[in-house]
Amino acid sequence: MSIRRRGTAAGAALALSGAGVLLGLAASPAQAAEVSYATHCVPPAGISPVDGTTKVEITAPATAKVGDTVDVVWKFVQAASKNPDIIDLPADSVQPSGVLKAAGAQTAGIAMQGTRTNPAIPKGGDMVLSDMKGSLKLTAAGAVTLTPDAYTVNAMSTDTKCSPKETVQKAATIQVTDGGGGTSSSTPTRSATPTRSSTPTRSTTPTATTSGGSGQRDFTGKEVQIPYACKTPIGDKNATSPVQIDARKNGGNFDLTVQFKKSVMNSPADIPKDSVKPSMEVVLGGADKGTVHVEGPANAQPIKSGDPIEIPDLTGTYKPGASGSSTLSPGVLTVKALGTTTTCTPTRTEASLTLDTSGQPGGASGGTSASGGSAGGGSTSGSGGLAETGASDHGALKALGLVAGTAILLGGAVFTFMPGRRVRR
């Protein structure tokens with residue numbers, strides 16, 4: 001059940017080219033070390049937990065200065081679990097995320113995330129996971145150690161949560177010296193030795209954006225995995241969906257767009273047009289407080305039984321109520337259909353976007369939402385998007401059902417949350 005990769009990473013020169021990298025930083029050799037640890041993985045309900053061994057290789061600069069922002073890479077040599085004998089996973093349907101622990105001179109949890117790039121994985125096959133990347137701003141001189149921790153494998157909107165069963169050995173150490181300079185970025189050079197993974201290096205998940213220069217108008221958030229607890233008219237159910245929040249500056253305000261990437265609901269019955277209406281309360285944190293109401297249009301066309309129901313882009317306007325760095329996180333999702341209401345509350349949320357804001361009269365700060373909804377306190381960031389893992393009985397979490405205006409769960413008529421963005425024609 002291991003993923004064999006040939007070769008080990010070797011010491012190499014630190015790459016300093018690319019956008020956002022300052023050339024003033026002296027070159028520092030990269031280091032790469034492999035560690036293995038016993039791991040307990042918890043798939044979604046209905047699939048038995050798995051105990052296995054995780055082997056990872058951590059690459060980071062050997063030396064850096066206080067004030068530098070260093071990039072680190074987590075390479076999976078072996079995942080702890082295989083693809084369950086339930087469904088073949090198509091190409092580009094699996095995305096890992098996790099946490100790398102920094103200790104010593106500086107203590108921090110580094111959020112790591114890979115791209116959704118993988119070859120097709122058959123039932124029972126070894127999980128082929130993309131490299132995860134993250135960054136750490138160094139704040140203190142001394143030795144900073146890096147140790148792998150828990151990680152999650154998201155496959156077709158289902159999550160398998162894997163946690164260490166033993167004390168994990170440190171995988172890399174950065175010797176940090178007193179630099180006294182500005183922030184620079186150190187990008188480690190990975191070993192050029194080819195590995196088994198043939199997945200392309202293309203980023204499908206943008207990082208959270210903080211507004212920079214005064215001329216910038218468009219801000220792209222990162223895709224975050226949000227586990228929801230949904231209350232329906234007939235019972236409760238859980239579902240996980242990837243969500244991304246983008247913004248466009250409009251004077252002192254921001255026009256928001258919330259995307260549910262490849263979030264699809266299958267209709268168990270014929271639904272007429274203008275019958276399904278989604279909305280969400282985006283949670284503000286950091287300098288600002290409250291929520292921002294966003295909503296999407298009702299279905300413009302009738303939906304036949306068995307056809308997918310897509311959650312359209314949700315839009316709204318964020319009017320800042322405070323000046324500073326404000327975060328935006330997915331909040332409560334509401335879906336109204338045929339006279340019924342399903343409310344999905346995040347069990348853990350994570351900031352998708354960070355904006356530099358200037359307070360506006362009547363803005364969100366102070367405990368009231370921009371749309372008149374209830375206040376939401378700040379966002380609560382999770383450990384790199386960790387939740388559950390694996391594939392459900394039909395390759396998707398079953399969340400919501402609707403037949404003749406009555407919500408039902410499971411059985412033959414269901415709504416299913418599925419990952420990824422819908423195809424546009």
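A salt bridge is defined here as a side-chain nitrogen of Lys or Arg within 4 Å of a carboxyl oxygen of Asp or Glu. The legends describe a predicted model, in which local features need pLDDT of at least 70 and side-chain atom pairs count only at pLDDT 80 or more, whereas totals for chains, interfaces and linings use all residues. Residues are numbered from 1 along each chain as its sequence is written, and side-chain values use heavy atoms, with hydrogens and water left out.

**View 1. Overall fold of the protein chain.** The protein chain contains 26 strands and zero helices (DSSP runs numbered from the N terminus: E of at least two residues for strands, H or I of at least four for helices). Of its 425 residues, 52% are buried (buried, under 20% relative accessible area; exposed, over 50%; partly exposed, in between; 1.4 Å probe, protein chains only). Among contacts (heavy atoms within 4.5 Å) with a separation of 6 or more, 74% join residues 24 or more positions apart.

**View 2. Salt bridge between Asp149 and Lys101.** The model holds seven salt bridges. In this one, the side chains of Asp149 and Lys101 meet with an N to O distance of 3.9 Å. Because Asp149 belongs to strand S8 (residues 142-155) and Lys101 to strand S5 (residues 94-104), the pair ties together parts that are 48 residues apart in sequence. Lys101 has 43% relative accessibility and therefore counts as partly exposed.

**View 3. Salt bridges of Glu223 with Arg116 and of Lys222 with Glu350.** The closest N and O atoms of Glu223 and Arg116 are 3.4 Å apart. Glu223 lies in the loop between strands S12 (218-219) and S13 (224-232), and Arg116 in the loop between strands S6 (108-114) and S7 (132-137), so the pair connects parts 107 residues apart in sequence. Both Glu223 and Arg116 are buried. For Lys222 and Glu350, the closest N and O atoms are 2.9 Å apart. Lys222 sits in the loop between S12 and S13, and Glu350 in the loop between strands S23 (340-346) and S24 (353-357), 128 residues away. Lys222 and Glu350 are likewise buried.

**View 4. Aromatic cluster of Trp74, Phe76 and Tyr151.** The structure has six aromatic pairs (ring centres of Phe, Tyr and Trp, the last by its six-membered ring, within 6.5 Å; planes under 30 degrees apart are stacked, over 60 edge-to-face, the rest tilted). Trp74 and Tyr151 have ring centres 6.1 Å apart and planes at 70°, so the pair is edge-to-face. Trp74 is in strand S4 (residues 69-78) and Tyr151 in strand S8, so parts 77 residues apart in sequence are tied together. Trp74 is buried at 0% relative accessibility, and Tyr151 is buried with a relative accessible area of 1%.
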